[in-house]
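Trainee: I would like to check the labels on this structure against their cut-offs. Please take me through them.

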Amino acid sequence: MRKDWLSCIGQTPLIQLSKLFTNDRGITVHAKLEMLNPNGSAKDRSAVRIISAALEQGRIGPGSVIIESSSGNMAISLAAICSYLGMRFISVVDPRTTQQNIRIMRAYGADIELVEEPDPSTGEFLPARLNRVQQLLVEIPGSYWPNQYNNEHNYMSHYEGTMQEIVKALGSVDYVVGGVSTCGTMLGCAQYARDHKLDTKIVAVDAAGSVIFGGVSGSRLFPGLGAGIVPPFGQSRFMDYAIKVNDADMVTGCRMLVKQEAILAGPSSGAVIYALQSMMHELPDSAVCAVILHDRGERYMDTVYNDDWVAQQFNHGEGERV
């Protein structure tokens, strides 16, 4: 028996998507089910590693106040971990944060700090949220900022966890496909491949309207994929392929996944599925691929899996039934 649920983070299943990616060219696609982490996403890995390192360094302990800018999965993971460890957690969010995510955070006892206006110089909420984090750190002596955007334990959790587990399970993998926001997941996978001299190609999937891969910032409907500024981990090009997917295609990817494989996943996973589908014709015969399915879909029942919402957002008539 494991000591506590924190020890159950990682070692997620890797399964073959034999229905959705059926083909006669010998290409196999395997899914790393990160949504089966205890709190439902890949963010459990980075959150527990960052908090564990800070505990070991004596920077935090029971009763500490943890402050982070996150509107989604990282905040949920930190809220749960802090609750278990007897710490207070403050999540700095913006109006795009879903009420479902806020309810989950509050269920774990988290405090919500809402930033209502975007940064005046960029028009983006992320810089404004980060500014509010800095203000709170001054106002609350001894408080701690995990800084998921520039903490090496973020990408190292995927270097020593996600990618290592994929390689161990498959032996050889030609393509690893995953979404980017802080870029921690895919940077960790890329560095592992490089350090171990693997031929694995890293495919980083971003949201249309995000500026991580360049371009002009635009509106994005879903939290957790993309960013309005280039995060520190995204400053250098670590990927072999960079693909942008729009909101409608994320929904399409999610619905293909649940229809063909009965896997209910979030929009970042839908983006990954759609991106790989779009490049299947470029892949060599017998290629071995792994897709990282970042989070579960129950948090998106009012959006991705709501036919009326989809029809309203994308003018798809009654929407595709699932």
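Mentor: Start with pLDDT, the predictor's confidence in each residue, from 0 to 100. This is a predicted model: local features need pLDDT of at least 70, side-chain atom pairs count only at pLDDT 80 or more, and totals for chains, interfaces and linings use all residues. Residues are numbered from 1 along each chain as its sequence is written, and side-chain values use heavy atoms, with hydrogens and water left out.

Trainee: What is the mean pLDDT of the protein, and where does pLDDT stay under 50?

Mentor: The mean is 94, and 97% of residues reach 70 or more. Over residues 317–322 pLDDT stays under 50. There the model has twelve contacts (heavy atoms within 4.5 Å) beyond four places in sequence. Where pLDDT is low, predicted coordinates should not be read in detail.

Trainee: How do you know that the span of helix 6 agrees with its number of residues?

Mentor: Helices are DSSP runs of H or I, at least four residues; strands are runs of E, at least two; both are numbered from the N terminus. The expected span is 1.5 Å times one less than the number of residues. Helix 6 has twelve residues, 184–195, so it should span 16 Å. Its end C-alpha atoms are 16 Å apart, which agrees.

Trainee: What makes helix 6 mostly covered?

Mentor: Buried means under 20% relative accessible area, exposed over 50%, partly exposed in between (1.4 Å probe, protein chains only). Ten of the twelve residues of helix 6 are buried, among them Met186, Leu187 and Tyr192. The cover includes helix 5 (152–170) and strand 9 (288–293). Just after helix 6, lysine 197 has a positive phi of about 55°.

Trainee: Why is the pair of aspartate 111 and arginine 88 called a salt bridge?

Mentor: The rule asks for a side-chain nitrogen of Lys or Arg within 4 Å of a carboxyl oxygen of Asp or Glu. Here N to O is 2.7 Å, so the pair qualifies. Aspartate 111 is in strand 5 and arginine 88 in strand 4, 23 residues apart. By this rule the count comes to eleven salt bridges.
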